[in-house]
Amino acid sequence: MYIDPHIHLVSRTTDDYEAMRKAGIVATIEPAFWLGQPRTEVGSFKDYFSTLVGWERFRASQFGIVHYCTMGLNSKEANNVALAEQVMELLPLFAGKEGVVAIGEIGYDDQTEAEDKFYRLQLELAKDVNLPVLIHTPHRDKKKGTTRSMDVAEEHQVDPGWVIVDHNNEETVKEVLDRGFWAAFTIYPHTKMGSERMVEIVKQYGPERIIVNSAADWGISDPLAVPKTAHLMRKMGIPEEYVRLTTYQNALTVFGLSGQMDENDWLKAPSIDQTKKLGGNSVLRGGQVPRVEGPADQVEN
Amino acid sequence: MASDIEMKRFLWKIFEKNRAEEKSIAWLRLKAEQTKNSSSNSTFFLAFSQASRFFKKDNLELSSEEKDQAKMLVPEFELSHWDLLQTARTYLLLHFQRAKDQWLDAVSQLFETGDLYEQQALYASLPLMPFPEELLSRAIDGCRTNMTLIFDAIALNNPFPGKYFPEANWNQLVLKSIFMQRPLYRIQKLDERRNPALADIASDFAHERWAAGRDVMPELWRLVVPFIKEKFVADLKKVLASNAQLEVEAGLLALYGCESEIAKQLLQGHNEVVMAIEYGEITWEKIGRDFQEKRA
């Protein structure tokens with residue numbers, strides 16, 4: 001069983017969902033992000049956030065995958081201040097919803113003043129609603145941006161044990177782990193990390209507080225990055241327990257702090273249609289076969 | 001409609017019986033009180049969302065007296081398919097009181113920002129909401145969803161569509177239920193609101209399925225019963241020739257309901273099933289249930 005704790009499923013096809021399920025992914029977390037181009041109306045954000053807790057969750061369930069999300073204003077769009085202010089008013093409506101496991105992805109992109117302002121406001125929101133924080137670290141000037149993200153989180157007295165710093169690389173990981181934050185790694189075919197580099201990092205740093213994700217989205221990316229990296233780890237002789245921690249358990253532990261994510265969500269998933277017979281409510285821990293919706297729930301359209 | 005107060009009392013009794021935890025009951029009591037007294041909508045909005053932290057999606061356990069009582073409070077109101085969480089959300093909703101425009105604005109916002117289960121709770125409680133005329137377009141729009149859970153909340157075991165939907169929208173609701181293979185026997189007023197247009201649409205749909213080499217949902221034939229004509233007789237003949245027992249049963253049950261000579265003739269030679277129909281062993285509900293079980 002795997003968890004992909006960062007994947008933008010609204011951009012993925014049903015073929016991806018099927019392949020993910022077959023590869024053993026049981027749960028996914030979809031961080032609120034931008035859509036490849038900036039939005040210009042607050043209503044677009046409202047409908048996007050609604051999709052994350054509505055349609056996309058349903059779509060995932062059709063393939064036997066439990067869908068969670070994080071809510072936040074991403075750093076790129078924080079730069080449209082007038083719009084960002086309206087989004088901030090919207091966020092409390094969504095932050096408390098079922099299956100929202102963190103505030104994120106938030107942080108810095110160009111490291112502007114506006115980004116800084118809305119990052120700080122959202123750190124405060126996370127504390128208010130008692131949710132972990134998912135930090136997006138910048139592509140450019142990454143090392144400094146990562147350090148700054150952590151400095152500001154600490155300044156706002158957010159517990160590092162509640163913060164996932166995402167998109168790490170060999171240059172950033174040591175400081176993130178040393179300061180007590182969780183270090184997530186995005187396996188991207190062309191940029192960010194490759195699976196081979198990931199294996200080396202787990203060899204060097206061990207499995208503690210390290211999380212692997214795909215961040216698959218509308219760009220060239222791989223929704224099977226987590227299971228593929230797990231296979232490579234095994235092949236390269238990494239202990240099974242390390243594989244389990246970095247591709248399943250660590251994500252569950254830290255996002256589970258939200259109180260909104262529980263193994264039973266996939267191990268004994270309730271049937272959507274109560275009239276349907278899907279084999280009772282037995283706990284399937286022995287064989288670890290998740291009980292989820294079947295093809296009978298798939299909507300024809 | 002009975003007063004809100006009676007409905008609130010009734011729902012409260014159901015919580016106490018359905019083993020909600022003590023702390024959840026206390027939370028709900030507090031939030032209902034705050035919802036009632038607060039001038040800000042956010043108190044209600046937050047409680048409505050956060051109810052999922054206190055109540056599970058366990059089905060309600062109801063006695064037959066309680067089911068009857070529900071129907072006495074609001075005609076044909078059914079909550080036997082409800083879960084604890086949506087009941088809690090409905091309870092909160094009943095405590096949210098505003099002048100008409102403010103109420104509609106706030107509830108629209110809930111509908112538009114609701115997650116899967118919040119929307120389920122809202123649509124299922126339509127029959128308890130004030131201002132049904134103003135909510136009609138919301139309910140019709142809700143049927144455009146492809147999320148089974150939400151569609152079911154409107155279409156099944158809910159008196160609202162049967163009571164308020166104009167014929168064209170009603171027909172769409174029934175047709176979409178067939179399309180999504182939902183249990184038709186759980187649509188209220190299905191028999192009363194059958195109409196010639198719907199019977200034609202249903203038959204056309206069956207022909208499309210046949211043309212594609214697909215099965216036809218057996219409950220569909222219930223819709224043609226009062227309007228039997230040559231085309232439908234030909235359809236039902238085809239159904240009787242099916243290898244699937246359930247389809248044959250549905251075809252015969254449809255014919256059994258028709259008051260026509262041809263129908264009587266077609267029933268001949270199927271004595272065993274006709275007897276079972278006469279004894280009430282084969283009903284539309286039984287066929288619908290069997291079909292859903294087979295499908296799962």
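**Entry 1: ground rules.** I am working with a predicted model, in which local features need pLDDT of at least 70 and side-chain atom pairs count only at pLDDT 80 or more, while totals for chains, interfaces and linings use all residues. Residues are numbered from 1 along each chain as its sequence is written, and chains are lettered from A and ligands numbered from 1 in the order in which they are written.

**Entry 2: helices 4 and 5 of chain A.** I looked up helix 4 (residues 81-95) and helix 5 (residues 113-129) of chain A, which pack at an angle of about 10 degrees with their axes 11 Å apart. Helices here are DSSP runs of H or I with at least four residues, strands are runs of E with at least two, and both are numbered from the N terminus. The axes are lines fitted to C-alpha atoms over the stretch in contact, and angles run from 0 to 180 degrees between N-to-C directions. Helix 4 and helix 5 of chain A are therefore roughly parallel to each other; the cut-offs are under 35 degrees for roughly parallel, over 145 for roughly antiparallel, 65 to 115 for roughly perpendicular, and oblique for the rest. I noted that the contact is made by A:V81, A:A84, A:M88, A:L91 and A:A95 of helix 4 and by A:A114, A:F118, A:L121, A:L125 and A:V129 of helix 5, where contact needs C-beta atoms, placed from the backbone, within 7 Å.

**Entry 3: helices 8 and 9 of chain A.** I then turned to helix 8 (residues 195-205) and helix 9 (residues 225-235) of chain A, which pack at an angle of about 55 degrees with their axes 9 Å apart. That angle makes helix 8 of chain A oblique to helix 9 of chain A. From helix 8 the contact residues are A:S195, A:E196, A:M198, A:V199 and A:V202, and from helix 9 they are A:K228, A:T229, A:L232 and A:M233.

**Entry 4: A:M193.** I found A:M193 in the loop between strand 7 (182-186) and helix 8 of chain A. A:M193 counts as buried because it has 22 C-beta neighbours inside 10 Å (20 or more other C-beta atoms within 10 Å is buried, 12 or fewer is exposed, and in between is partly exposed). Leaving out residues up to four places away in sequence, A:M193 touches A:N169, A:F185, A:T186, A:I187, A:Y188 and A:M198.

**Entry 5: chain B.** I read that the domain assignment of chain B gives domain 1 (1-165) and domain 2 (188-296), and the C-alpha centres of these two domains lie 35 Å apart. Such bounds come from an automatic or database domain assignment.

Technical notes
Contact = placed C-beta atoms within 7 Å.
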